[in-house]
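Please walk through the model below with the sequence at hand.

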Amino acid sequence: MTAWRHLPLRARLVILFSALLTIALVAVGSLALTLLRTSLVREVDMQLDRAAQGMVDRAFAGAQGLRSPEDGPLPTDYAVVISTPDGQEVQRCVRNTCEFPTAAGSGTTTGADDGATGGGTTAADDIGGPRVGTLDVASASERAGEPYTVDGADGTAWRVTVAPLKNAQGVVSGTAAVGLPLTAVNATMGMMAGALLAIGGGVLALTAVATYAVVRSSMRPLRRIEATAAAIAAGDLSRRVDDAPASTEVGSLAASLNTMLGQVEHSFTAQRASEARMKAFVGDASHELRTPLATVTGYTELYRLGGIPPEELPGVMQRIEGSSVRMTALVTDLLSLARLDEGAPLDVGAVDVHVPLEDAARDLRVLDPSRDVTVVVAGGASGAGGGGGGGSGGVRPVAADDGALRQILTNLVGNASAYTPPGSPVELVAREADAGVLLSVVDHGPGVPEAERARIFERFARLDAGRSRDAGGSGLGLSIVAALATALGGWVRCVETPGGGATMQVWLPAAAAS
């Protein structure tokens, strides 16, 4: 079995098919030979049945009821054996020769031309013929009308029929057996077996060659798949398996493999991109932390060396405190992103967006009292300038975590405050859209170039113009917004505000009706 498992699939298929075909050919050939022999033997039996009585009449003659030499030979291939009622053989005639054993008181004759010879014997080996054994009347009666096969003295098979023998008065005087040799039947069977063997061998050889060719051709796509797999293992993830008809097994396999390879390539590409982002993230985080840490370290070292005059100490402490606050905010943002990356569970429930919007607007008014901050919920407006209150047209509650929703709005409002001119208006809008609620923070500042609108949601992303590190922020606010929106089943994007500015839009799914 070990050697069988090590054989190539095409070799195993050819061997199995050839073995099955051999079994089928042997079975069909055996059936054909059996039917042919049955038919030929039936013909011999019919010939015996037609000629048996005549052969007995010609052999059973003379004064003693036995054939004499003067009666002439029996015709052709027939053999006649005459026995007494108790089974003692008294006459055997085979072709042109008749034998009279001495037990019956006679000699042996060899036909019309041979004359009589003495020395009678009871052995069938002298003139051949079937070995019928002892045939008494009881045995002959049991076998009457039923031909059977026996061996001859020279090894030739004979077909024999037997019957009780009656004299002219109707008295049973012995038994008679008439036989025909099966030489012609066996010769025909041999020729037929040889022909079947030659034809079967030729068919088997041609079929094995044709099967090997077909299997080899069918396996060619698998070899191409093997070559493709080897190329992919070597690092060429762009390789694909050649297409084949989808109705075939190879075509179905190729389609499945190509789909899998596409997903694998996408996964590797995403992994490389993730590794690149992680390296950039670590580098940016290190850079962001290095600046305030260098500030704190420098001032403390300067203070230790006595290089700070007493009158400048309050300002130095203020700058140290600012760097500490900046590092704290950065670490807090990093922890938030880490928890989101790990899939930290959120307490999702039905949340009314109106209250968080009003609270975010109130925070923005505190940051910059000169701004005109407006909250619009499904067509209703509240708050203008420093005012508050107002009605709401109402939107459906969203499926969200209240804390996560407030953090989204806080970061968006803080982004609008940091990167737009003081006193410029800001609108906070909520309206139903696409089986959910679309929240928008609309500013009228310098806006975001179209090419940068997707990148600003990446970690530590900043624009060259108007959004520098000096303007504040760690570059993580919008990335936290994007991560929270995704965790809640929504999305975030930046579009242009009509007339100039940037509009940050967050879509969240509506809560299921209770």
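Does Glu89 count as buried or exposed? Glu89 counts as buried, because its relative accessibility is 15% and buried means under 20% relative accessible area, exposed over 50% and partly exposed in between (1.4 Å probe, protein chains only). This is a predicted model, in which local features need pLDDT of at least 70 and side-chain atom pairs count only at pLDDT 80 or more, while totals for chains, interfaces and linings use all residues. Residues are numbered from 1 along each chain as its sequence is written, and side-chain values use heavy atoms, with hydrogens and water left out.

Glu89 belongs to strand 2 (residues 89-94); helices (H or I, at least four residues) and strands (E, at least two) are DSSP runs, numbered from the N terminus. The side chain of Glu89 makes a polar contact with that of Arg92 at 2.9 Å. A polar contact is a pair of N or O atoms within 3.5 Å; within protein, one must be able to donate a hydrogen and the other to accept it, and residues adjacent in sequence count only if both atoms are side-chain atoms.

Ala11, in helix 2 (residues 9-59), is partly exposed, because its relative accessibility is 23%.

Next comes strand 16 (residues 502-509), where eight of eight residues are buried. Ala502, Met504, Val506 and Leu508 point one way, and Thr503, Gln505, Trp507 and Pro509 the other way. In a regular strand the side chains alternate between the two faces of the sheet. Strand 16 runs antiparallel to strand 14 (residues 436-443), with seven bridges joining them, and Leu438 stands opposite Trp507. Strand 16 also pairs in the antiparallel sense with strand 15 (residues 491-496), over six bridges; two strands pair if DSSP finds at least two bridges between them. Here Arg493 stands opposite Gln505. Strands 15 and 16 form a hairpin with five residues between them, and Gly499 in the turn has a positive phi of about 90°.

The largest nonpolar core has 48 residues, of which Leu357, Leu428 and Leu439 touch the most other members. Its largest share, seven residues, comes from helix 8 (residues 402-418). A nonpolar core is a set of buried Ala, Val, Leu, Ile, Met, Phe, Trp, Tyr and Cys residues joined through side-chain atoms within 4.5 Å. A second, separate core of 19 residues includes Leu48, Val90, Ala176 and Leu180.

The structure holds 11 salt bridges, a salt bridge being a side-chain nitrogen of Lys or Arg within 4 Å of a carboxyl oxygen of Asp or Glu. In one of them, the side chains of Glu265 and Arg240 meet at 2.4 Å, N to O. Glu265 lies in helix 5 (residues 249-304) and Arg240 in the loop between helix 4 (183-233) and helix 5, so the pair ties together parts that are 25 residues apart in sequence. Arg371 forms a salt bridge with Asp368, with the closest N and O atoms 3.0 Å apart. Arg371 is buried at 2% relative accessibility, and Asp368 is buried at 11%. In the salt bridge between Arg455 and Glu452, the closest N and O atoms are 2.6 Å apart. Salt bridges that share partners also join Asp359, Arg362, Asp402 and Arg406 into one network.
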